[in-house]
Amino acid sequence: MAQPVYKRIGLTLLWCIAAPVALLLVWVLILIPFTPGVADLKQARAAKASILVSADGKELASFEEGLQERVTLAQISPHMIAALIATEDHRFKDHHGIDYKRTLASVVYTLGGDPQGGSTITQQLARNMFPEEIGRSRNLNRKLKEMITAVKIESAYSKDEILEAYLNTVPFLYNTFGIEMAARTYFDTTASKLDILESATLVGMLKGTNYYNPVSNPQRSVQRRNVVLAQMRKHGMLDEKRYESLRKKPLRVSFSRQAERSPTDTHFTAYVRKWLIEWADKNDYNVQSDGLVVHTTLDYAMQEAAMKAVERQGNALQIIADVEWSQPDSGGSGSAGAYAGMHGSITPFEYFWRSKGTLVNAFIRETPEYKKAIENGDTGLVALKRLKSDRAFIARLRAAKTRLETGFVAMDPDSGHIKAWIGSRDFHKEQYDHVVQAARQPGSTFKPIVYGAALEKGFAPNRPYRDAVMNIKAGDGTIWRPTDMSGSSGNQMTMHDGLVFSKNTITAQVMQDVGLPGIIKLARDLGIRESKLEKVPSLALGTSPVTLLEMVNAYSSIAAQGQYRKPVFVTKITDRAGKVVAHFGEPVSEQAMTAENAASLIDMMRGVINRGTGTAIRYRFGINGDVAGKTGTTQNNADGWFIMMHPKLVAGAWVGFNDNRVTMRSNYWGQGGHNAILVVGDFFKAAIADGKVDAAAVFPGGRRPAPVVQEEDPGDISEEAGEMQQEGVPPPPPPPTDPDDMEAEGEEPMTGDRADPSSGQLPLPLPMPPSAPPPESDSGAPPLQRE
C-alpha cells in the first residue's frame, strides 16, 4: 500500500495473470505422467475390437476387421494435403504441436460467444490415437492432455509422418477410417486420385462428420466445402478465378458403403453392426479399437436351433421345388422323402426354364449386365441373345432366381427381446434380410388382426355369419366379391370358425362390419408400424406387404395380453473394463387391445392348431403345449407363412423366392401350413427339448390340451386361393408383347445350359423390391390373395 497507485494497479494485474499461469503450469506438470509416453507413440497401440455377445455371454461377432487401409503420404493426393493444412492448421509446418496464437484466439472467440476450436493437426492425431487416455469430455483437463501428447508426438515423429498417421486414422462415418476408405466410400476412387473438390468435401467433414455428411446433408456439405476452398484461396493455394469457378460446381458424390462382413456374421449381427456404427458415430466411439462389449438379447441355443431348422427344412423344400419344376407333371406328393429320392435323377427347374420363355427374357432384361449392354449401344435383341448364350451368366441367373429362401424370427412377448433371427438360408450367399428388409404379402396371417378388431368393437366370437359370396362395395364404388375356391356351403358359421378355417367369405364380411380404419388402427397398435397398409377391402385377406418382424411383433402383442412392446435387440453396452457406457431399458408397454379380447383371440387361434390349417404342429412335431397360431398363403403360392404363439415365446417363418414370379409349384407344398410351419415346428420342438421353452406353460385362462399321437395325420385342411373379383370393370389388358420376345420366339430359353441352380457360386444380387410385377395368372384374375 506504500507504493504509488499506478504501481499497486500494475502489481495486482501482474498477480492476476501470474497466479493462473503458475497454477496452469503446475497442473500441466501433474498431467504429464498421465499422458502417453514416447515409447507408446513409437509402437502400435494395442487396439481391442468391439464385440457382440448373446444374452448368455457367447461371442457372436467382432469388429476386428475394420474398414481401414493404410497408405503412404506419397499415395495421397496433394489436393487433400493442401486442403487439410489450409483449413485445419495452416501453421502446421511452423509449430511444435501447439499453435499458441490460434489457441489464444479460440479462447477469446469462445468467451465472446462464438465457440471455435484451436486444435492443431497433431492435437487431433493425439485424440485419434489415444481416445481413452486423453478422455472424451469437452473440458480443460482433456485439452491439456491433448496438448501435452501433441508435443510428445512432435518430438517422436517428423511432420510428414504426422500427416500420414493423421490421414490414416481420421474417422469418416460408416465405420470407415482413413482417407483411402473415405475416398472409396464417398467418391468410388482412391486417395491418390482425389481431385480438389473431392478433397475439399472430405476435409470439410472433419468439422462434424454427421453434420457435414455429403450423403445425408448435401447442402451443408457444399457450404462447408466452399469454406475449405476459401481457406485455400486465403493461404495462396488457389487464385481468385479458380476459386470462383470451383465454388459454383455441384456436389458429386458416388456413395458406396464398403463391405464389412466377417465369417461369423449373420443377419442379426449385421443388423446390430449397422445400428452400433450409427450409435458409435453419435457418441464418439471407435468400434474397431475401443473394446466395447455389446450385450444383445439373442439366446445362443435358440439361435442354433433356428439355424438348424432353417437349414434342414429349407433344404428339403428346395429339393421339392427342384423336382416339381423339373418336369411337366408336378407330381404333387405329400412326402418330402419321395422328392429326395428323385432329386439325383432330374435337372432342377428344367421345365420352368423351358416353358416360361417370356418370363426368362424379363429376368435377363432386369440384370445389370443387360442394362450395361444397352448403355454400350447394343440393341435389346442383340443383348438378349448374347446373354442367353453366356453359360456362366445363365448359371448365375438360375441360381439367384430359383434359390428358395426362408426368414425366421422369435421374440419374448413379455419383454420384446429378440431371441432368434435368421434372415436367409445362408447369410454369405444371400444378404437380403427376410426378417426386416423383405416386405411380402402376409396372406391369412393378417386375418387375426381383422378378428381382433371385431372383438375390440364388441363382437362375440360366436357371432354368426353365412358362408356365402357377398357383394362388398369398395371406396371407389366398385363391387368386390371375395370367394373361396373350395366353394361356399351357404351355412351359418361363427366368427370363431371363420378364423379357424380361414374363410375368405367370413373374413370379408367381418371386415365390412368392423371397417378398415379400425383394422388398420389395431394393426398399427399391435406392431405393424413401418409398412404401408393399403386402405382397400383386400387388406383383410393380407394383400398389403409387411415384414416378418412386424407380423411376429403383432402376434407377440396378442400373446402378451394385448400389450405392445417395441422389439429389443441390445440391452446395454460396456467398455473394455466392464463399465456400463449405455443402458437400454425395457421398452414401455402400450395397451394395443384389452386383455380380455386378446385372450379371446388367442382362444380362436388355438383352433387353428387343434383343428385348422396348423395341425401339423400337433401330429408331425408332437407339440402338446398351450399354443396358438395362424398359417398364411398368397396367390400362386408365392409366399408361405406360419406364426405361432407360446405363452413365453412367439416365432414366425416366411418361405418363398426373392422374386415372387418364381413360386412353389403345387398347391400342397405352396401352403404355409406345409412349408413355413415346418421351420417353426422344427424350431419349437428343439427349443422344448433343450428346456428353453416350458412345454407346460399356459396362457392366462388357458389349459394344456390332451396329447396327440405324433405322425397321426387328422386329415388335411387345404388353404386355397381366394380372389377378390371386381364386377363392372373390364379385365386388365394383357401385358404388351416385347418385339424381342417375338423375334426370339421358338428359341430354347436357356441354350444348352442345364446346370444345377444349387451349384451356382456367384448368385446375382437380384432380390425383387416390394413393387415387383406380380406372378402371371392362368385365369387372368388379379393375383391378390390365397386361402
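This tour moves through a strand arrangement, a helix and a cavity of a predicted model. Residues are numbered from 1 along each chain as its sequence is written, and side-chain values use heavy atoms, without hydrogens and water. Local features need pLDDT of at least 70 and side-chain atom pairs pLDDT 80 or more, whereas totals for chains, interfaces and linings use all residues.

Select strand S5 (residues 293–296) and strand S1 (residues 51–53), which pair in the parallel sense over three bridges; strands are DSSP runs (E, at least two residues), and pairing requires at least two DSSP bridges. Isoleucine 51 stands opposite valine 293 in S5.

Next, select helix H24 (residues 516–526), whose buried residues are Leu516, Ile519, Ile520, Leu522, Ala523 and Leu526. They lie on the same side of H24 because they cover an arc of only 160 degrees around the axis. Pro517 and Lys521 are exposed on the other side. Buried means under 20% relative accessible area and exposed over 50%, with a 1.4 Å probe and protein chains only. Helices are DSSP runs (H or I, at least four residues). Display also helices H21 (447–456) and H23 (504–514), which are among the elements covering the buried residues of H24. Just after H24, glycine 527 takes a positive phi of about 145 degrees.

Finally, select Asn175, Phe177, Ile277, Ala280, Asp281, Tyr285, Asn286 and Val287, which line the second largest cavity. A cavity is a set of points on a 1 Å grid over the protein atoms alone where a 1.4 Å probe fits but cannot get out, and lining residues have an atom within 4 Å of a point. Helix H13 (residues 267–283) gives the largest share of this lining, three residues.

Definitions and conventions. 1 Å grid on protein atoms, 1.4 Å probe; cavity = no way out; pocket = protein on both sides within 12 Å on 5 of 7 lines; lining within 4 Å. Arc of directions from axis to C-beta. Contact = heavy atoms within 4.5 Å.
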